[in-house]
Amino acid sequence: MGRKLHAEAPDPRRNLTSPDVSLILIDKLARRYVMGSETVHALRGVDLRIERGEYAAIMGPSGSGKSTLMNLIGCLDTPSSGTYRLNGIDVGEMDDNELADIRNREIGFVFQTFNLLARSTALHNVELPLIYAGVSFDERRDRAVEALEHVGLSDRMRHKPNELSGGQRQRVAIARALVTRPSIILADEPTGNLDSKTGHEILALFDELSTKGNTIIVVTHEEDVARRARRIIRILDGLVESDEQAKVQEQPAMTRV
């Protein structure tokens with residue numbers, strides 16, 4: 001891989017490819033919000049390590065801090081104290097431009113609400129992160145086609161979101177997350193807007209991606225979704241309550257939606 005955050009000013013510290021350090025290393029991470037006269041402690045000193053190729057679920061009830069932790073891992077927010085190292089690099093030392101760049105190149109987001117452009121085709125939606133990254137037309141088109149083929153949508157590339165089922169829209173979102181070849185796929189309640197059958201099929205796709213070596217982190221409050229991961233991290237009152245290896249059962253073969 002060997003991607004650099006800024007081609008015009010390469011920084012040897014920021015080569016997000018080192019196999020010798022943990023992909024995610026979080027130490028005493030805290031996040032506080034001031035609301036009026038009160039201070040809300042969303043995270044109270046979380047320690048966490050996630051290695052390359054892991055498939056982990058972060059679970060917790062509403063208000064537990066799991067969404068705050070997801071935002072910090074996704075570089076959508078910055079900690080009040082503690083450190084978050086992505087491939088050995090202290091994310092807290094990055095400026096806004098570098099954080100935007102790392103979100104685009106190193107973290108593939110999958111949201112509950114899909115977040116697709118309604119008037120654009122599936123192909124163009126998947127191309128978007130590569131457009132922002134300055135990738136040439138031919139390369140981004142080839143990579144977008146490859147990503148859509150990978151999620152079983154080779155025959156839906158020219159369709160717009162309103163011409164696709166919920167499961168197909170989520171597959172487009174997953175293809176968009178994959179197209180930059182990120183270090184992490186970060187999924188926030190990825191089955192929340194899907195019926196149970198379609199949700200199962202999307203989770204089967206995550207199973208398949210995991211077996212191919214992708215690092216996947218799913219944030220969920222649903223026990224059956226978490227149990228599809230290989231590891232379950234439970235958050236409560238801003239702290240890691242438990243961290244366990246899940247007992248993964250054999251899953252039925254995946255059916256395309």
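F109 counts as buried because its relative accessibility is 16%, where buried means under 20% relative accessible area, exposed over 50% and partly exposed in between (1.4 Å probe, protein chains only). The model is predicted, so local features need pLDDT of at least 70 and side-chain atom pairs count only at pLDDT 80 or more, while totals for chains, interfaces and linings use all residues. Residues are numbered from 1 along each chain as its sequence is written, and side-chain values use heavy atoms, leaving out hydrogens and water.

**Overall make-up**
- The chain holds 7 helices and 10 strands; these are DSSP runs numbered from the N terminus, helices being H or I of at least four residues and strands E of at least two.
- Of the 257 residues in the chain, 49% are buried.
- Among contacts (heavy atoms within 4.5 Å) with a separation of 6 or more, 72% are between residues 24 or more positions apart.

**The sheet**
- An open sheet of 6 strands runs in the order β6-β7-β8-β3-β9-β10, with mixed pairing; two strands pair if DSSP finds at least two bridges between them.
- Its edge strands, each pairing on one side only, are β6 (107-110) and β10 (239-245).
- Strands β7 (residues 184-188) and β8 (residues 216-220) run parallel and are joined by 4 bridges; A187 stands opposite V218 in β8.
- Helix α2 (residues 96-106) lies across β6 and β7, at about 75° to β6; axes are lines fitted to C-alpha atoms, for helices over the stretch in contact, and angles run from 0 to 180 degrees between N-to-C directions.

**The aromatic pair**
- The whole structure contains 1 aromatic pair, meaning Phe, Tyr or Trp rings (for Trp the six-membered ring) with centres within 6.5 Å; planes under 30 degrees apart count as stacked, over 60 as edge-to-face and the rest as tilted.
- F109 and F111 form this stacked pair, with 5.7 Å centre to centre and 5° between the planes.
- F111 is partly exposed, at a relative accessible area of 24%.

**The nonpolar cores**
- The largest nonpolar core has 40 residues, of which V126, L148, V172, I174, F206 and L209 touch the most other members; such a core is a set of buried Ala, Val, Leu, Ile, Met, Phe, Trp, Tyr and Cys residues joined through side-chain atoms within 4.5 Å.
- Helix α5 gives this core its largest share, 6 residues.
- Another core, of 30 residues, lies apart from it and includes L48, I73, L86 and I184.
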